[in-house]
Amino acid sequence: MLTDLYVFGDSPLHRIRPGVKILALVLVCTLLFILEGWPMVSLGGALVALCFALSGLRVRHVVAALRPALWILLAIFLVQTYLTDILFASFVVFRFAVLILAATVVTATTRTSEMVDGILAGLRFAPSWVPKNQIALGVSLCLRFIPLVLSVFQDVRQAQRARGLDRNMIALLVPLVVRTLKTADEVAQAIHARSFD
């Protein structure tokens, strides 16, 4: 069964319409890239921290959101430190962390079905040639596959750790890719069987 990123709650953020949350996320992310500088990114970080507090999300949700991206953030930090300086590298990494956490707030306070409905509502004014249902389905599948891949990775890592292969990247990645592709194929067959265009 594909899991969900939603965290149950009855906070003000949980009750906001999905379309409003998606629009706010796009606006915040755009502003963080257009208006560069520590004041703007600090304001964005404070806003995200406030949203976490209002929605009742815990520190473990922050850790769970940032853990998969830690190696990427570390690589960005090292490259930026080499190319520029440590202050700019810290700014770039902090901005990416704020973006990730802002997206986490939206996905943790919005059910997948609500997210799809919000996207469909936002696409209602799109031209007729835009595949609205396919876009909504694609977003839904992406949101559901993210926790699935993380769950499969944890299972594979525990199995390979029992075999003493937890530091062997090939032993970790091959089963992960095979199981993910197998699940994707099963989902594709299910969609095809239901005659979804």
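Modeller: Lys182 and Glu186 share helix α9 (residues 169-193), where four residues, about one turn of the helix, separate them. Helices here are DSSP runs (H or I, at least four residues; strands are E, at least two), numbered from the N terminus. The model is a predicted one, in which local features need pLDDT of at least 70 and side-chain atom pairs count only at pLDDT 80 or more, while totals for chains, interfaces and linings use all residues. Residues are numbered from 1 along each chain as its sequence is written, and side-chain values use heavy atoms, with hydrogens and water left out.

Lys182 and Glu186 form a salt bridge, their closest N and O atoms lying 2.7 Å apart; the term requires a side-chain nitrogen of Lys or Arg within 4 Å of a carboxyl oxygen of Asp or Glu. Lys182 is exposed at 51% relative accessible area, whereas Glu186, at 41%, is partly exposed. Buried means under 20%, exposed over 50%, and partly exposed in between (1.4 Å probe, protein chains only).

The structure holds five salt bridges. Another of them joins Glu36 to Arg95, with 3.7 Å between the closest N and O atoms. Because Glu36 belongs to the loop between α2 (18-34) and α3 (38-55) and Arg95 to helix α6, this pair ties together parts 59 residues apart in sequence. Glu36 is exposed at 52%, but Arg95 is buried at 8%.

Rings of Phe, Tyr and Trp (its six-membered ring) pair if their centres lie within 6.5 Å; planes under 30 degrees apart are stacked, over 60 edge-to-face, and the rest tilted. There are four aromatic pairs in the structure. One of them, Trp38 with Phe91, is edge-to-face, at 5.6 Å centre to centre and 70° between the planes. Trp38 lies in helix α3 and Phe91 in helix α6, so parts 53 residues apart in sequence are tied together. Phe91 is buried, at 5% relative accessible area. Phe91 also forms a tilted pair with Phe88, at 6.0 Å centre to centre and 35° between the planes. Ring pairs link Trp38, Phe88, Phe91 and Phe94 into a cluster.

Finally, contact (heavy atoms within 4.5 Å) brings helix α6 together with helix α4: Val62, Ala65 and Leu66 in α4 meet Ala97, Ile100, Leu101 and Thr104 in α6.
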